[in-house]
Amino acid sequence: MREFQEAFYSNFIEDDRWEYIVDGLGVTLKITFFAVIIGIVLGFLVGIIRSTYERTGKLKILNAICKVYLTVIRGTPVLVQLLIIYFVIFASANVSKELAAVIAFGVNSGAYVAEICRSGIMSIDVGQLEAGRSLGFSYWKTMWYIILPQALKNVLPALGNEFIVLLKETSVSGYIALEDLTKGGDIIRSRTYDPFLPLIAVAVIYLVMVMIFSRFVTLLERRLKQSER
Amino acid sequence: MKKQVLALLLACTMTAALSACSGGQEADTEEGSDASQTEEDEDAAQAEESQEVLVMATNAEFPPYEYYDGGEIVGIDAEIAAAIAENLGMTLEIEDMAFDSIVTSVATGKADMGVAGMTVTEDRLENVNFTDPYATATQVVILREDSEIADTDGLEGKTVGVQLGTTGDLFAEDIPDVTVERYNKGFEAVQALSQGKIDAVIIDQEPAKVFVEENEGLKILDEAYTVEEYAIAVAKDNTELLEQINGALAELKESGKLDEIIGKYITAE
């Protein structure tokens with residue numbers, strides 16, 4: 001027990017090392033939050049374009065561009081994308097590392113959200129689209145008022161899953177010297193050479209964050225289910 | 001179409017079944033000659049055992065001390081370690097890992113020794129033992145050629161890049177108002193410097209020379225930080241190996257082999 005106390009002291013209290021964890025947590029949350037927003041916007045845009053092409057055959061060129069985007073982003077690891085964005089695309093521009101990370105993770109997440117969104121839209125019976133059109137709605141109005149609300153409800157679990165993955169994927173942002181939660185633990189580890197406590201603390205914080213987030217998604221799902229009755 | 005698929009499937013199962021049969025037969029025939037073979041195996045195992053393996057943990061992104069040349073890890077540390085292993089009659093095995101993991105790997109017994117241009121510091125001494133020093137080094141500051149920073153005091157309030165867990169990292173922390181950016185690899189910090197993302201990099205002198213040579217538009221600040229000594233890290237409870245390595249190091253120093261290895265990679269100015 002005393003040993004544990006000593007290890008706890010040297011890993012978290014001494015030299016205010018807990019600040020690495022707390023600051024890192026802030027950075028992780030910030031990156032995840034903005035990356036999720038970019039991911040949703042980009043993902044839904046691409047998803048709608050792709051499903052519009054599938055249903056109506058329109059937007060051929062846009063669909064081709066989206067397909068290239070999906071292939072490239074889903075075909076390469078997010079760490080490599082992050083390094084490319086920071087060291088190659090922003091090579092001469094002096095952007096903040098946080099921005100580089102938000103863009104990298106946002107663009108990455110967008111590709112996965114796009115496929116989730118497309119599967120949601122395609123899961124809504126084509127009859128709904130026909131019904132909307134025969135009532136005088138335009139295609140986009142049918143999409144917005146009739147199809148998307150139902151699609152969103154269907155894909156909520158998959159979306160929640162994607163954001164959990166995204167939150168955990170931000171742990172590689174230490175590669176561009178960004179001090180996120182994982183890097184915070186690594187810095188402590190590089191000072192105390194104790195692998196146990198810093199890693200476990202970091203793991204527990206990720207776990208708690210994911211648990212809170214899953215709970216939130218479950219509540220939202222339950223709320224949306226009320227309309228089914 | 002369906003029939004074809006079925007035929008293909010059947011063919012697959014049949015081949016699988018056939019090969020399974022032949023596999024069984026092989027096993028049967030082997031059993032007969034088993035006795036003689038196990039003897040041979042034992043002999044081979046014994047031969048291997050006498051040649052114990054010495055696992056060295058390092059971070060092979062630190063030229064000229066350790067770096068990749070082709071598929072192999074070479075450099076001063078790699079050669080010294082090889083000489084030590086030869087002296088002890090062991091075979092050397094090099095494991096490349098993140099610099100901040102080396103002390104942990106040695107302390108937890110995942111590696112026998114850490115040879116990575118590692119300076120003896122108090123924090124590290126709390127977790128591992130160090131052998132006698134085998135080289136001296138200094139920490140230097142790398143700047144862009146057009147930089148206005150004239151001395152180490154000029155680093156105040158600037159953004160300084162370092163490699164996580166190195167002595168440069170510890171030095172940088174003590175500079176007033178400084179923003180420290182900790183990269184996983186030294187060359188990444190240098191890359192960020194030449195792209196103008198940070199103002200300076202603090203790193204060991206010899207790798208700094210190599211980095212400046214390979215990247216245009218960089219220079220080393222004339223004023224250097226204190227002199228430090230590199231030593232080999234060994235687990236606390238492994239005093240036997242510590243003494244063996246110290247003995248080997250002393251022999252290498254005496255025979256001039258150590259200077260020879262260092263001189264091969266570092267040309268005196």
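The model is predicted: local features need pLDDT of at least 70, side-chain atom pairs count only at pLDDT 80 or more, and totals for chains, interfaces and linings use all residues. Residues are numbered from 1 along each chain as its sequence is written, while chains are lettered from A and ligands numbered from 1 in the order in which they are written. Helices (H or I, at least four residues) and strands (E, at least two) are DSSP runs, numbered from the N terminus.

**Helix H4 of chain A**

- Helix H4 spans residues 78-89 of chain A, and its buried residues (20 or more other C-beta atoms within 10 Å; values in between count as partly exposed) are Leu82(A), Ile85(A) and Tyr86(A).
- Viewed down the axis of H4(A), these buried residues fall within an arc of 85 degrees, so they line one face of the helix; the arc is that of the directions from the helix axis to the C-beta atoms.
- An α-helix has 3.6 residues a turn, so residues three or four places apart point the same way.
- The packing partner of the buried residues of H4(A) is helix H5 (97-123) of chain A, where contact requires C-beta atoms, placed from the backbone, within 7 Å.

**Sheet in chain B**

- Three strands of chain B form an open sheet in the order S2-S3-S4, with antiparallel pairing.
- S2 and strand S4 (72-74) of chain B are the edge strands, each pairing on one side only; pairing requires that DSSP finds at least two bridges between two strands.
- Three bridges join S3(B) and S4(B) in the antiparallel sense.
- Opposite Tyr67(B) stands Val74(B) in S4(B).

**Backbone exceptions**

- Most residues other than glycine have a negative phi, and most peptide bonds are trans.
- Asp16(A) has a positive phi, near 55 degrees, and belongs to the loop between helix H1 (2-13) and helix H2 (18-56) of chain A.
- Asp16(A) is exposed, with 9 other C-beta atoms within 10 Å.
- Tyr193(A) likewise has a positive phi near 55 degrees, in the loop between helix H8 (181-192) and helix H9 (196-225) of chain A.
- Tyr193(A) is buried, with 23 other C-beta atoms within 10 Å.
- Pro63(B) and Pro64(B) are joined by a cis peptide bond, with omega about 0 degrees.
- Pro64(B) sits in the loop between strand S2 (61-62) and strand S3 (66-69) of chain B.

Technical notes. A residue is buried if 20 or more other C-beta atoms lie within 10 Å of its own, exposed if 12 or fewer, and partly exposed in between; C-beta atoms are placed from the backbone. Two residues are in contact if their C-beta atoms, placed from the backbone, lie within 7 Å.
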